[in-house]
Amino acid sequence: MEEDISVTSHTEGLNGLSHEHIPLEITNGCSNHKPVMNGVVKGCNGGLTNGNAPLGSLPISALKQNGLLQALTEGGNQSSLTAITEDSTPTPLISFNEALQYFQTTDLGDLLKNIQPTIRRTGLAAITHFLFGPPRLHKDLLEERDLVFAIAQCPVDNSQPVHMRVLQTIYKRLIGSRLDCPRFGPHWENIGFQGTDPATDLRGTGFLGLMHTLYFVMDPETLPLAKDIFRLSQHPTQNFPFSVMSINMTRIALQVLREEALTKECNRRQQVVGVLNEFYVATYLYVYQLWKSQQKTIADSGFVLRGKSDYILSNINRNSRNSIIFMIKHSYTVDK
């Protein structure tokens with residue numbers, strides 16, 4: 001749940017931003033993510049799988065015990081659920097706006113009780129933030145902001161068709177398949193989840209982690225970038241777990257929103273969801289450019305993510321009139 005995000009060493013500056021490092025969930029070493037090469041999944045130790053059962057590769061449990069992977073949450077109970085088979089009638093794709101509308105019309109009252117939309121400050125830190133920090137979010141945007149944090153509290157519900165359609169849409173858009181995939185299985189590792197159930201990777205972001213990925217793969221303007229990043233995540237030596245990395249982008253975006261560093265941009269554009277979506281894309285773009293140009297590997301993930309959060313946070317304050325999101329998007333367009 002999103003309140004699990006911890007701020008380990010919060011130091012407030014005059015610009016209202018904290019200088020702590022946001023917790024990271026990708027560990028050093030080799031990931032259990034398996035690049036797909038010519039239809040065959042290549043294991044981290046060189047072994048091959050057929051996408052269903054491993055052929056000569058280390059089991060995920062062994063990798064975790066060796067410290068090569070860090071599970072984001074405990075696994076869920078799969079025994080009582082019926083998986084969707086590839087012989088089923090294909091589930092229609094779902095757009096980001098349709099999925100968002102579902103949450104806007106659903107009673108999230110219980111989740112809203114537990115959200116923490118801003119950093120709680122007391123004493124001198126509160127006074128400094130009030131005098132020198134970012135402006136307050138406009139009152140007419142508070143409900144939209146709270147909705148974001150409520151979605152970040154929402155777990156995956158296997159009985160909810162919208163939730164299942166989001167999962168199926170993400171898988172199909174990345175893999176290029178028209179058929180549904182089973183709800184559970186090792187095929188989820190092909191798009192960068194750490195195990196057989198994507199829901200177990202969503203600690204700290206809840207369903208918002210999937211919503212951001214859905215936005216990424218369903219928006220025509222960002223889909224080419226999403227495919228480029230996914231392609232790099234399948235690289236023989238530079239591979240990384242695409243979906244787990246995406247969840248880290250969402251986690252950082254949530255923390256930046258909670259720090260109120262996006263408030264000025266939200267007020268200027270009179271929206272929260274759109275600004276947060278684009279900040280998510282900007283962070284992933286930055287990681288992609290750095291990862292690709294500097295030949296980074298999974299062993300560098302901690303350093304890359306720390307550098308990214310520092311870079312994005314510092315640039316928000318320096319670019320009050322022009323959105324940092326559009327600036328980074330423009331650099332991608334020029335590079336292409």
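Burial, packing and a cavity in a predicted model

The protein has 13 helices and four strands. The model is a predicted one.

Me: What makes Leu 100 count as buried?

Reply: Leu 100 has a relative accessibility of 11%. Buried means under 20%, so Leu 100 counts as buried. The residue lies in helix α2. Beyond its neighbours within four places in sequence, Leu 100 is in contact with Leu 147, Ile 151, Met 211 and Val 273.

Me: Why is Arg 136 called exposed?

Reply: The term exposed requires a relative accessible area over 50%. Arg 136 has 65% relative accessibility and therefore counts as exposed. Arg 136 is placed in the loop between α4 (123–132) and α5.

Burial, packing and a cavity in a predicted model

The protein has 13 helices and four strands. The model is a predicted one.

Me: What makes Leu 100 count as buried?

Reply: Buried means under 20% relative accessible area. Leu 100 has 11% relative accessibility and therefore counts as buried. The residue is found in helix α2. Leaving aside neighbours within four places in sequence, Leu 100 is in contact with Leu 147, Ile 151, Met 211 and Val 273.

Me: Why is Arg 136 called exposed?

Reply: The term exposed requires over 50% relative accessible area. Arg 136 has 65% relative accessibility, so it counts as exposed. Arg 136 has its place in the loop between α4 (123–132) and α5.

Me: Why are α2 and α7 described as roughly antiparallel?

Reply: Two packed helices are described by the angle between their axes and the distance between the axes. The axes of α2 and α7 cross at roughly 150° and come within 9 Å. Angles over 145 degrees count as roughly antiparallel, and α2 and α7 are therefore roughly antiparallel to each other. On the side of α2, the contact is made by Phe 96, Ala 99, Leu 100 and Phe 103, and on the side of α7 by Met 211, Leu 214 and Tyr 215. By class, this contact has seven nonpolar residues, with no polar and no charged ones.

Me: How do you know that α5 is largely enclosed by the rest of the structure?

Reply: Seven of the ten residues of α5 are buried, so the helix is largely enclosed. The buried residues are Arg 145, Asp 146, Leu 147, Val 148, Phe 149, Ala 150 and Ile 151. They pack against α2, α3 (109–112), α7, α9 (242–258) and α11.

Me: What makes α7 and α8 mostly covered?

Reply: In α7, ten of the eleven residues are buried, among them Leu 208, Met 211 and His 212. In α8 (residues 223–233), eight of the eleven residues are buried, including Leu 223, Asp 228 and Ser 233. For the protein as a whole, buried residues make up 54% of the 336 residues.

Me: What is the volume of the largest cavity, and which residues line it?

Reply: The structure holds four cavities of 30 Å³ or more, and the largest has a volume of about 70 Å³. Its lining consists of Phe 96, Leu 100, Val 148, Ile 151, Leu 208, Met 211, His 212, Val 273, Leu 276 and Asn 277. At least two lining residues come from each of α2 (96–104), α5 (142–151), α7 (208–218) and α11 (273–293).

Me: How many residues of each class are in the lining of the largest cavity?

Reply: The lining has eight nonpolar residues, two polar residues and no charged ones.

Me: What share of the contacts joins residues at least 24 apart?

Reply: Among contacts between residues at least 6 apart in sequence, 76% join residues at least 24 apart.

Notes: Residues numbered from 1 in each chain as written. Predicted model: local features only at pLDDT ≥ 70, side-chain atom pairs only at ≥ 80, totals over all residues. Heavy atoms only, no water. 1 Å grid on protein atoms, 1.4 Å probe; cavity = no way out; pocket = protein on both sides within 12 Å on 5 of 7 lines; lining within 4 Å. Points joined across faces, edges and corners; volume = space filled by probe spheres on them. Nonpolar A, V, L, I, M, F, W, Y, C, P; charged D, E, K, R; others polar. Axes fitted to C-alpha atoms, helices over the stretch in contact; angles between N-to-C directions. Parallel < 35°, antiparallel > 145°, perpendicular 65-115°, else oblique. Contact = heavy atoms within 4.5 Å. Buried < 20%, exposed > 50% of the residue type's maximum accessible area, 1.4 Å probe, protein only.
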